[in-house]
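Subject: Structure for you to look at

Hello,

Here is the structure I promised. Please open it and keep it beside you as you read on.

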Amino acid sequence: GESGGAGACQDSAGSATDRGGDGCDWYEIRTIFCGSYDDYDFSAADMCCACQGGESGGAGACQDSAGSATDRGGDGCDWYEIRTIFCGSYDDYDFSAADMCCACQGGESGGAG
């Protein structure tokens, strides 16, 4: 992806941490460990800017496109934000995490259109 300018990268882990209890800030000077300590709710490569993950803000920020659609478990895209390992695992007839959820590399780019 592209970064910089108005769409500067922001870590997307929220309160999620790796197996050692560390968040994205720990990886800023330890990029060699990106992915080494991921667990069920934390993926450094997906969530941390230092590991080429995170989210870019600004006008072109990604927006989930699922609307009111949910997966087999009744969860929407927000559930996948800290559970990216499950992207696609619970899709059903009206929900595709990979197509609809930014956390799963889907969704839609916003902007002035």
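Start with the order of the elements. Along the sequence, the protein runs β-α-α-β-β-α-α-β. That makes 4 helices and 4 strands. Both are DSSP runs numbered from the N terminus: helices are H or I with at least four residues, strands are E with at least two.

A word on the source. This is a predicted model, where local features need pLDDT of at least 70, side-chain atom pairs count only at pLDDT 80 or more, and totals for chains, interfaces and linings use all residues. Residues are numbered from 1 along each chain as its sequence is written, and side-chain values use heavy atoms, with hydrogens and water left out.

How far can you trust it? pLDDT is the predictor's confidence in each residue, from 0 to 100. The protein has a mean pLDDT of 84, and 86% of its residues reach 70 or more. Confidence is highest in α4, at 94, and lowest in strand β2 (residues 55–56), at a mean of 74. Over residues 1–6 the pLDDT is below 50, and this stretch has 3 contacts in the model beyond near neighbours in sequence. A contact means heavy atoms within 4.5 Å. Where pLDDT is low, the predicted coordinates should not be read in detail.

Now the inside. Of the 113 residues in the protein, 30% are buried. Buried means under 20% relative accessible area, exposed over 50%, and partly exposed in between (1.4 Å probe, protein chains only). The largest nonpolar core has 11 residues, among them W79, Y80, F95 and M100. Helices α3 (77–80) and α4 (97–100) each supply at least two residues of this core. The largest share, 3 residues, comes from α3. A nonpolar core is a set of buried Ala, Val, Leu, Ile, Met, Phe, Trp, Tyr and Cys residues joined through side-chain atoms within 4.5 Å.

Which residues does C101 touch, not counting those up to four places away in sequence? They are D64, C77, Y80, F95, S96, G106 and G107. A second, separate core of 9 residues includes C24, Y27, F42 and M47. In soluble globular proteins, nonpolar side chains tend to be buried together.

Last, look at F33. F33 sits in the loop between α1 (24–27) and α2 (44–47). F33 is partly exposed, with a relative accessible area of 33%.

Best wishes
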